[in-house]
Amino acid sequence: MAELILDRVSKTFAGKTVVDKVSLKLSQPGVYGLLGTNGAGKTTTIRMLLGIITKDSGDITWNGQTVNRKDVNFGYLPEERGVYPKVKILEQLLYFAELKGMARDQAEVSIRKWAKRLKVEEYLEMPAEKLSKGNQQKIQFMTAIIHDPDLVVLDEPFSGLDPVNTEILKEIIIELVRDGKFVIMSAHQMATIEEFCSDILILNKGKTVLQGNLKAIKATYPANRVQIDVDRPIEELIGASKLKVENAKNNQYTIKISSEEQAEELLKSLVEQGVKVTRFEIMRPTLNDIFIEKVGATQEIKQLEAEE
């Protein structure tokens with residue numbers, strides 16, 4: 001079984017340490033979440049583990065061998081999108097596939113397979129500038145996977161995609177894992193990370209502030225909200241309980257709590273008042289809550305939270 005290990009990896013630019021003794025280990029296929037604010041060191045970490053830039057210290061190995069850009073069969077979707085605007089899509093994809101060592105006929109078979117899957121077949125003979133931003137992104141996603149890589153790094157893979165195309169990419173990522181691929185995903189959409197990733201690493205100013213199995217991490221936090229669906233408005237009852245409504249629509253409420261006992265008392269009160277409760281779920285903090293706690297509620301994070 002393949003294995004990727006980063007052991008106390010650091011990188012300094014112009015005297016400033018941007019990645020400080022970061023370690024991670026991927027021992028089985030899956031999606032690993034790499035999180036942090038802008039400038040936290042995510043992109044530098046990614047570029048070091050792919051051999052794009054050199055590390056200053058520490059070790060990076062794939063299958064026990066030091067990572068070398070020539071030896072690791074990786075696919076990379078960078079956050080900075082880039083296609084050649086005047087060049088036909090098929091020509092670009094063939095070029096990138098051949099850079100990865102694919103024969104031209106083999107590359108064309110793979111390109112047409114993925115073009116059909118991503119619903120961009122009709123654009124292959126067009127220059128990239130004729131495509132929408134979302135379709136250009138799907139083309140760049142193809143460049144990351146057409147050569148059947150063992151390790152795929154996706155930086156903000158869903159940025160700019162509509163819900164239909166987002167779902168297509170999600171299905172493909174699930175299939176990549178099913179086929180034994182290792183996927184590292186960096187994204188600002190915390191709900192996406194929760195959906196895909198079993199393990200995460202959060203960076204802040206180049207340092208690891210939280211790392212491990214997401215389910216186990218969340219289990220260490222007490223419940224902080226309850227979701228309730230009822231048959232009529234209950235604002236007055238919630239107010240009487242001195243609880244804060246976080247969200248409310250169509251008689252569906254998300255309510256902040258400081259303990260499970262508060263939620264149970266609220267449920268008891270609702271039943272006593274004859275309110276029909278069709279959903280009652282006590283919830284632990286979301287990854288978004290944990291992220292904000294760990295990196296600090298800066299203006300930047302508040303903006304990210306608002307966008308989600």
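Let's start with a strand pair: E6 and strand E7 (residues 151-155) run parallel to each other and share 4 bridges. Strands count as paired if DSSP finds at least two bridges between them. Helices (H or I, at least four residues) and strands (E, at least two) are DSSP runs, numbered from the N terminus.

Before going on, a word about what you have on screen. This is a predicted model, in which local features need pLDDT of at least 70 and side-chain atom pairs count only at pLDDT 80 or more, while totals for chains, interfaces and linings use all residues. Residues are numbered from 1 along each chain as its sequence is written, and side-chain values use heavy atoms, with hydrogens and water left out.

Back to our pair. Within it, tyrosine 76 faces valine 153 of E7. Which sheet do these strands belong to? It is an open sheet of 6 strands, ordered E6-E7-E8-E3-E9-E10, and the pairing is mixed. Strand E6 (74-77) and E10 are the edge strands, each pairing on one side only. From one strand to the next, the twist averages 15°. As a reminder, strands of a sheet pair through backbone hydrogen bonds, either parallel or antiparallel.

Two helices pack here. Helix H4 (residues 133-145) touches E6 and E7, and its direction makes about 160° with that of E6. Touching, or contact, means heavy atoms within 4.5 Å. For directions, axes are lines fitted to C-alpha atoms, for helices over the stretch in contact, and angles run from 0 to 180 degrees between N-to-C directions. Then there is H5, which lies across strand E3 (30-36), E7 and strand E8 (182-186) at about 120° to E3.

Is threonine 166 buried or exposed? Its relative accessibility is 15%, so it counts as buried. The cut-offs are under 20% relative accessible area for buried, over 50% for exposed, and partly exposed in between (1.4 Å probe, protein chains only). Leaving aside neighbours within four places in sequence, threonine 166 contacts Phe158 and Leu161.

At the other end of the strand order, E9 (residues 199-204) and E10 (residues 207-213) pair in the antiparallel sense over 6 bridges. Leucine 203 has threonine 208 in E10 as its bridge partner. The two strands form a hairpin with 2 residues between them, and lysine 205 in the turn has a positive phi of about 55°.

Now for the other sheet. This open sheet has 4 strands in the order E2-E1-E4-E5, with antiparallel pairing. Its edge strands are E2 (16-26) and E5 (65-66), each pairing on one side only. Helix H1 (residues 42-49) packs on this sheet, touching E1, E2 and strand E4 (57-62), with its direction at about 120° to that of E1. E1 and E2 are antiparallel partners over 7 bridges, and phenylalanine 13 is bridged to lysine 16 in E2.

Here I'd point you to aspartate 7, in strand E1 (residues 4-13). Aspartate 7 is partly exposed, with a relative accessible area of 37%. Which residues does aspartate 7 touch, not counting those up to four places away in sequence? They are Val22, Ser23, Gly58 and Asp59. Isoleucine 60 is 53 residues away along the chain, yet its C-alpha atom is 6.4 Å from that of aspartate 7.

Next, a helix pair. Helix H2 (residues 89-99) packs with helix H3 (residues 104-117) at an angle of about 125°, the axes being 9 Å apart. H2 and H3 are therefore oblique to each other. Angles under 35 degrees count as roughly parallel, over 145 as roughly antiparallel, 65 to 115 as roughly perpendicular, and the rest as oblique.

Who meets whom? Leu90, Leu93, Leu94, Ala97 and Glu98 in H2 meet Arg104, Ala107, Glu108, Ile111 and Arg112 in H3. In H2, the buried residues are Ile89, Leu90, Gln92, Leu93, Leu94 and Ala97, and they pack against H3 and H4. Just after H2 comes glycine 101, with a positive phi of about 90°.

Last stop: helix H10 (residues 287-295), where Leu287, Asn288, Ile290, Phe291, Ile292 and Val295 are buried. Thanks, everyone!
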